[in-house]
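Please have the viewer open and follow along.

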Amino acid sequence: MKPTIYDVARAAGVSTATVSKVINGTGRISDKTRKRVTEIMEELRYQPSMVAAALTRRSTSTVGLMLPDLANPYFAEIARAVEDRGHEFGFSLLICSTDNDPSKEEKYLSLMVQKCVDGIMIATSTGQDGLLRELAEQRMPIVAISRELPSLPVDTVMVDDFMGGYMAGKHLVGLGHRRIGIIAEKLGASSSPERIRGCRQAMAEAGIGADDSLIAEASYTVDGGRKAAARLLGGGEPPTALFACNDVLAIGALQAAFERGLQVPEQLSVVGFDNTMLATITAPPLTTVSQPIQDIGRRAFDALLQEIRGEKRTKQRLVLLPELVVRRSTAPVAGGL
């Protein structure tokens with residue numbers, strides 16, 4: 001078993017309160033006692049629980065926000081929404097961008113605990129369930145944003161991904177498209193499967209069978225979307241429309257179409273997901289499924305604040321409705337409607 005603070009106190013001949021003061025650098029302790037406790041900690045290879053240490057300190061009016069990629073406009077806009085809402089209540093924001101790298105996630109979670117944040121918001125496809133569970137068990141307020149963490153007792157604020165995918169598929173089917181390619185995120189993002197399922201439901205209702213060859217996974221970048229779209233468009237019977245599971249991937253699809261000399265939307269329709277600022281500045285402007293980004297950020301912070309203040313005990317899963325925004329990247333299939 002791992003040594004505890006009680007083992008250290010017993011071996012050093014001091015109280016646990018004295019050991020705690022040495023760990024946290026607080027209180028008036030003689031250099032001799034401090035040195036003795038430190039030596040015992042090293043001998044026993046005792047590692048203080050950062051979780052317990054953070055949770056016994058006073059509020060810092062700081063919350064942590066862990067994002068997969070701050071360069072993605074969706075997460076940048078989420079961060080801004082959270083920051084604005086936090087500012088209204090006198091809170092500062094510690095933002096960490098992880099690239100969905102488990103080692104970075106562990107490092108940043110530890111950093112947030114060391115910085116004694118009052119609560120944490122998670123928007124990554126984290127592989128740190130163990131550490132998050134420890135934090136939750138120690139009553140660290142945690143809220144998941146746009147991600148499902150079903151194995152953890154935390155609040156969740158997200159959009160209805162299935163409905164968003166259904167809206168995208170319904171729109172393309174209504175324009176007469178029968179071969180619809182889908183570009184999905186890699187890295188186990190919980191949102192993509194639901195968006196794919198929704199799109200396929202709309203296709204099934206129109207009598208269009210599922211075709212796994214029309215689904216391409218992509219890294220979470222514009223170039224990833226471009227490469228995935230190029231694979232789909234380079235097949236023997238290419239799709240006449242593409243549904244990308246976020247706007248970044250959709251912009252990559254627009255690039256792939258341009259490289260192949262395809263006119264959008266005359267020869268290829270493209271639909272994205274998120275409705276970030278990028279959707280309005282593409283050529284042509286992007287048809288996309290809009291997430292209520294400001295509302296998501298505001299409600300996520302409000303849920304966290306309630307946890308911090310101890311105002312609620314039950315965990316909630318808040319699912320907001322998306323909306324289809326039709327711009328000029330979609331049109332009836334050539335030779336169709």
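Predicted model: local features only at pLDDT ≥ 70, side-chain atom pairs only at ≥ 80, totals over all residues.

Asp274 has Ser290, in strand 10, as its bridge partner. Strand 9 and strand 10 pair in the parallel sense, with four bridges between them.

Stepping back, these strands belong to an open sheet of six strands, ordered 7-6-8-9-10-12, with mixed pairing. Strand 7 and strand 12 have a single partner strand each, so one side of each lacks a neighbour in the sheet. On average, neighbouring strands of this sheet are turned by 20° against each other, direction ignored.

Here are some of the elements to select:

| Element | Residues |
|---|---|
| Strand 7 | 215-218 |
| Strand 9 | 269-274 |
| Strand 10 | 287-290 |
| Strand 12 | 323-325 |
| Helix 8 | 161-174 |

Helix 8 lies across strands 6, 8, 9, 10 and 12. Its direction is at about 165° to that of strand 9.

How many cavities of 30 Å³ or more does the count give? The count comes to one cavity, and the volume of the largest cavity is about 70 Å³. Asp274 turns up again here, in a lining that also includes Glu185, Arg147, Arg195, Tyr74 and Phe75. Helix 5 (73-88) and helix 9 (191-205) each supply at least two residues of that lining. By type, the lining residues of the largest cavity divide into three nonpolar, four polar and four charged.

Conventions: Residues numbered from 1 in each chain as written. Heavy atoms only, no water. Pairing = 2+ DSSP bridges. Axes fitted to C-alpha atoms, helices over the stretch in contact; angles between N-to-C directions. Contact = heavy atoms within 4.5 Å. 1 Å grid on protein atoms, 1.4 Å probe; cavity = no way out; pocket = protein on both sides within 12 Å on 5 of 7 lines; lining within 4 Å. Points joined across faces, edges and corners; volume = space filled by probe spheres on them. Nonpolar A, V, L, I, M, F, W, Y, C, P; charged D, E, K, R; others polar.
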